[in-house]
Amino acid sequence: KILNEKRDKLEFSKVVCGYPLSIFFIVVNEFCERFSYYGMRAVLVLYFKYFLRWDDDLATSIYHTFVALCYLTPILGAIVADSWLGKFKTIIYLSIVYAVGQVAMAVSAIHDITDSDRDGTPDSMTFHIVLSMVGLFLIALGTGGIKPCVAAFGGDQFGEHQDRQRRTFFSVFYLCINGGSLLSTIITPVLRAQECGIYSKQKCYSLAFGVPAALMVVALVVFIIGSGMYYKAEPQGNIMLDVCKCIGFAIKNRYRHRSKQYPKRQHWMDWAEEKYDKLLIAQIKMVLKVLFLYIPLPMFWTLFDQKGSRWTLQATTMDGNFGALVIQPDQMQTVNPILILTLVPIMDSLIYPLIKKCGLNFTPLKRMTVGMLLAAIAFVCAALVQIQIDKTLPTFPSTSQSQLKLLNMGSNSVTVKLPGNDALILPAAQVYPFINNCNTKFTNLLPETNDLTSKPQEGNNAIRFVNGMKTAVNVSTAAADFGLIEPFYYSNYSQIKNGKATFTLRSGSQSCEYSTNFGFGSSYTFFIHSTLVFGSNCQDSVTAVEDIKPNSVHMALQIPQYFFITAGEVMFSVTGLEFSYSQAPSNMKAVLQAGWLFTVAIGNFIVLIVAELAKIPKQWAEYVLFASLLVAVCVIFSIMAYFYTYIDPTEIEAQFKKKINEDDEDDKSKPGKAEVEMVKRDSIKCHDEYDKATQTKM
Ligand SMILES: C[C@H](N)C(=O)N1CCC[C@H]1C(=O)O
């Protein structure tokens, strides 16, 4: 029956080049959905920080909790799909929930809604917070809920002998995920940077959320258009409840028969045979075997997800100048989807066939093991880059130290003698940073100021001015206002982006301009000489004193680590997606997809915990620690994988069903046969068939 069902699938949809046409609608749907998800995610932290005015800690925690939730809800979606609504209806209903969530986010970002005094800031932040939290909850429910269903639904469209086509489908599916992710992470930050509003213009978060909302509606419409072409497997009752009851019964029954007088059974699940269908028991065994294999996998995602956090922070201490192109630290993350788009076709059409030609059996579990090793290599590369960066970082005073900076505002060198130190000559217009270990008190110096205690964030440059003139000077640029600086006084630090900046120096109605170029992560004190004459060129009357050197390690050095983690992802994640489908029984395809996505959620939680707990002072050491942990996990996984036997669930199910039918016929012809005897015999036969169908090892 199952084989016929599979054959019939091809009649639902037109076949183009050996592929059912229906999968076109599924991959387009996935592309739009991932655009929607990653596009919204790209601006989420900034929305929390600058629109809702949350601090960094709250913004980061809510962000990671949301991401983890998005990979937890697949369990719900899978249960609904496999037990109740079927995948098709689940995708439709949850996509509507998802689109409503995206619209709620877009509306929550319209500041004019509560801006009754029209000053550009919302008057009721509670309204915006509540609406956006409701929106995020619906999105997590929607995106997570449909994710396992869409992948499994795509796999369902292939017939019995279309293993190769189904593998290609999962690769194309992954390409679409990353195509959507790449485009949206480029586009939505640009939309956010626009200014919009009815009464006052503000950064346009509503547009940055609105476009992903529109794409989600498009995803839904495309999916519905394909409706007539899909093969829609019927849900087979409340399968999850049956599974739980069956496992519970097996455990209880095993415990009841723990005495040695009862003969052992091949598998602990066989203790459910007295009450449950042998087919269901075999299906549960298949799922449990795969889920057991998944236990070490979250570690891969723990490393993978640090691309967005630790690696982006690393990029903030690097130089992003690529000649005509200046890359911002967070833009480095787009290297991952770009590499996915190139590596997936290369792997599929070159590397894997080449390995096959060499006579090597590169099975899915071997690919996943190699994928994990590549991710570990990526972290070793990250550690090497970090060591280079650390060499260029300035020394800041520790908590038991103090720092004194002396600036010579005169036009000649001066000799400075600090208590307990040799005299030193300080040239004109130069700063001498002095880190002091003991508690020497310096008196009669410039008033206390909040100096920098770390490199400027996000690749910005920290700039301040010192006024050496006898009149107050106002300094400003397009991006920052340093305010009015009193004679012989200094301004606060302002953050300036990399590239050229022009400062306007003003005193009364007179002004002049000073321009300079900035790299990434530097800090300067600009000293305005007493000789400055307004109205003329003031380029020569301002001296830039370098407090912190600009980042000198180039961001291109991160490319190897991105390459290895992405090559690892292709081998691990694309293969894992297909493996989860092919090894799942027909009635639990979405459940196993959800199990796979659950490993992503756990990986994210581990990142959260590690970020809180890890107190390793050296970042490079933390990278090495993670790489070592993954190698250890990888060894465990390869041992587990060695003992795993691949199965063909369709064949096993077909054999079970055939045998059950035969037994029914037998029962009719031989009434009165002892039931216990039959169960025993069936059990032996079924095991034989199960064993025959599970012969390939890792
Ligand atoms: C963007 C990533 N390269 C990627 O494709 N994924 C990360 C988690 C799983 C997968 C996805 O489905 O988004």
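Tutor: Strand S16 (residues 499-507) runs antiparallel to strand S17 (residues 510-518), and nine bridges join the two. The model is predicted, local features need pLDDT of at least 70, side-chain atom pairs count only at pLDDT 80 or more, and totals for chains, interfaces and linings use all residues. Residues are numbered from 1 along each chain as its sequence is written.

Student: How do you know that S16 and S17 are joined as a pair?
Tutor: Two strands pair if DSSP finds at least two bridges between them. S16 and S17 have nine bridges. One of the links is between threonine 504 and its bridge partner in S17, glutamate 513. Strands themselves are DSSP runs of E with at least two residues, and helices are runs of H or I with at least four, each numbered from the N terminus.

Student: What lies between S16 and S17 in the hairpin?
Tutor: Two residues lie between them, and glycine 508 in this turn has a positive phi of about 60 degrees.

Student: In what order do the four strands of the open sheet stand?
Tutor: The order is S13-S12-S16-S17, with antiparallel pairing. Strand S13 (481-485) and S17 each have a single partner strand, so they stand at the edges, and one side of each has no neighbour in the sheet. On average, neighbouring strands of this sheet are turned by 15 degrees against each other, direction ignored.

Student: How many bridges link S12 and S13?
Tutor: Strand S12 (residues 473-476) pairs with S13 over four bridges, in the antiparallel sense. Valine 475 has glycine 483 in S13 as its bridge partner.

Student: Why are H12 and H14 called oblique?
Tutor: Their angle is about 55 degrees, and their axes are 9 Å apart. Angles under 35 degrees count as roughly parallel, over 145 as roughly antiparallel, 65 to 115 as roughly perpendicular and the rest as oblique. H12 and H14 are therefore oblique to each other. The axes are lines fitted to C-alpha atoms over the stretch in contact, and angles run from 0 to 180 degrees between N-to-C directions.

Student: Which helices supply at least two residues each to the shell around the ligand?
Tutor: Helix H6 (163-193), helix H12 (335-357) and helix H14 (559-582) do. The residues around the ligand include Ile177, Asn336 and Glu569. A residue counts as near if its C-beta atom, placed from the backbone, lies within 6 Å of the molecule.
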